Amino acid sequence: MLNFHHLRYFREVAREGHLGRAAGRLNVSPSALSIQIRQLEERLGHALFDRVGRSLALTEAGQIALAHAERIFGAGDELLATLDRQSTARPPLRVGALSTLSRNFQLQFLRPILREGRCDVVLRSGNTTGLLAELRGLTLDVVLTTELPPAAASAAAGAPGDPAPFAAQRIAEQPVGLHGTPDLFGPATLETLLAKVPLIVPTETTISAGLEALLATLNVTPRIAARVDDMAMVRLLAREGVGLAVAPAVVMADEIASGMLVTAPHNLGIVEPFYAVTLQRSFPHPMLAALLAEAAKAQV
């Protein structure tokens, strides 16, 4: 087994770059500290330091060991911060987001916590099934999605008799429109635009299903330039003039504000909802409740 007491001593020496100063910080003698470092090197089978003058420089193995030590002790600090409700330390907020979700929307949601800088944020993207599995496994604190978790998924994810299924809070909604470069527009009806101009369609369920229903109602067969599972790519394709992007305006907010892209003056009758999915926990992230409250307040 690895001796973590030795590893902690090693980290102090690596940070100081000097055995005597590290010994002073640790309140041990330099000779005792030297023995601890030597024992760690013997256990790892590699020298961790090179002596450069009166200082100590990390070898390649030492650099690798230090990186691991920082993660190990960082995880320990995070554990204490998570379980000690009186602690002023904050564990990182782990946020999962559907891969098709607008990056601009994610930034809007996280802006209050990023502005305060009171804790780090870890962002992950993926599909709904994978993200909900991570949420159930407590490796995520919240999942941002446009899809409500099905009741079957909630029940299947929990143990028998578990009273804590997924909870979804609707934190925003955005009307879906047609956005493209100015040269793609003219005094055309909605039917004409949909029939004549290529479309860039996200694979996100609400948008794709809503568009299919609209096309069936109008009896229009469009030309699909691209079906994309990443809203950032939808935005880039729209900027390139590939076609009209079927998306909420928040996806292309900067381009619309600058005039690079314009929005068709037609109501598609499609609204994309945004949900924050959480799980009942005894130790929720201390910043999450305030963040959800802020999002709900912004929707009013």
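Colleague: Which residues of H4 are buried, and how should I read that word?

Modeller: Buried means under 20% relative accessible area, exposed means over 50%, and partly exposed covers what is in between, with a 1.4 Å probe and protein chains only. Helices (H or I, at least four residues) and strands (E, at least two) are DSSP runs numbered from the N terminus. In H4, the buried residues are Gly62, Ala65, Leu66, Ala69, Phe73 and Ala81. An α-helix has 3.6 residues a turn, so residues three or four places apart point the same way. Please keep in mind that this is a predicted model, in which local features need pLDDT of at least 70 and side-chain atom pairs count only at pLDDT 80 or more, while totals for chains, interfaces and linings use all residues. Residues are numbered from 1 along each chain as its sequence is written, and side-chain values use heavy atoms, with hydrogens and water left out.

Colleague: What covers the buried residues of H4?

Modeller: The cover is read from contacts, where contact means heavy atoms within 4.5 Å. For the buried residues of H4, the cover includes helix H1 (4-16) and strand S2 (55-58). Once residues up to four places away in sequence are set aside, Leu66 touches Phe10, Arg11, Ala14 and Leu58. The C-alpha atoms of Leu66 and Arg8 are 9.7 Å from each other, although 58 residues separate the two along the chain.

Colleague: How many residues does H4 have, and what span is expected?

Modeller: The expected span of a helix is 1.5 Å times one less than its number of residues. H4 has 24 residues, and the 35 Å from its first C-alpha to its last is close to the expected 34 Å. For H1, with 13 residues, the end C-alpha atoms lie 18 Å apart, which agrees with the 18 Å that it should span.

Colleague: What do the buried residues of H1 pack against?

Modeller: They pack against helix H2 (19-26), helix H3 (30-44), strand S1 (49-52), S2 and H4. The buried residues of H1 are His6, Leu7, Tyr9, Phe10, Arg11, Glu12, Val13 and Ala14. From the side of H3, where Gln36 lies, the packing can be followed through that residue, which touches His5, His6 and Tyr9 when residues up to four places away are not counted; Gln36 counts as buried because its relative accessibility is 18%. From the side of H2, Ala22 is buried, with a relative accessible area of 0%, and apart from neighbours within four places in sequence it is in contact with Glu12, Val13, Glu16 and Leu33.

Colleague: How many residues has the largest nonpolar core, and which have the most contacts inside it?

Modeller: A nonpolar core is a set of buried Ala, Val, Leu, Ile, Met, Phe, Trp, Tyr and Cys residues joined through side-chain atoms within 4.5 Å. The largest has 33 residues, and those with the most contacts inside it are Leu178, Leu194, Leu244, Val246 and Leu268. Among the elements that each supply at least two residues of this core are strand S6 (166-180), helix H8 (190-196) and helix H9 (205-218). Another core, of 21 residues, lies apart from it, with Leu93, Ala97, Leu110 and Val142 among its members.

Colleague: How much space lies in the second largest pocket, and which residues are closest to its centre?

Modeller: On a 1 Å grid over the protein atoms alone, a cavity is a set of points where a 1.4 Å probe fits but cannot get out, whereas a pocket is an open set with protein on both sides within 12 Å along at least five of seven lines, and lining residues have an atom within 4 Å of a point. Grid points are joined across faces, edges and corners, and a volume is the space filled by probe spheres set on the points. The second largest pocket holds about 180 Å³. Of its 14 lining residues, Glu78, Arg94, Leu138, Asp141 and Arg281 are the closest to the centre.

Colleague: Where does Leu138 lie, and what is its phi near?

Modeller: Leu138 lies in the loop between H6 and strand S5 (142-145), and its phi is near 65 degrees, a positive value in a residue other than glycine. At 47% relative accessibility, Leu138 counts as partly exposed.
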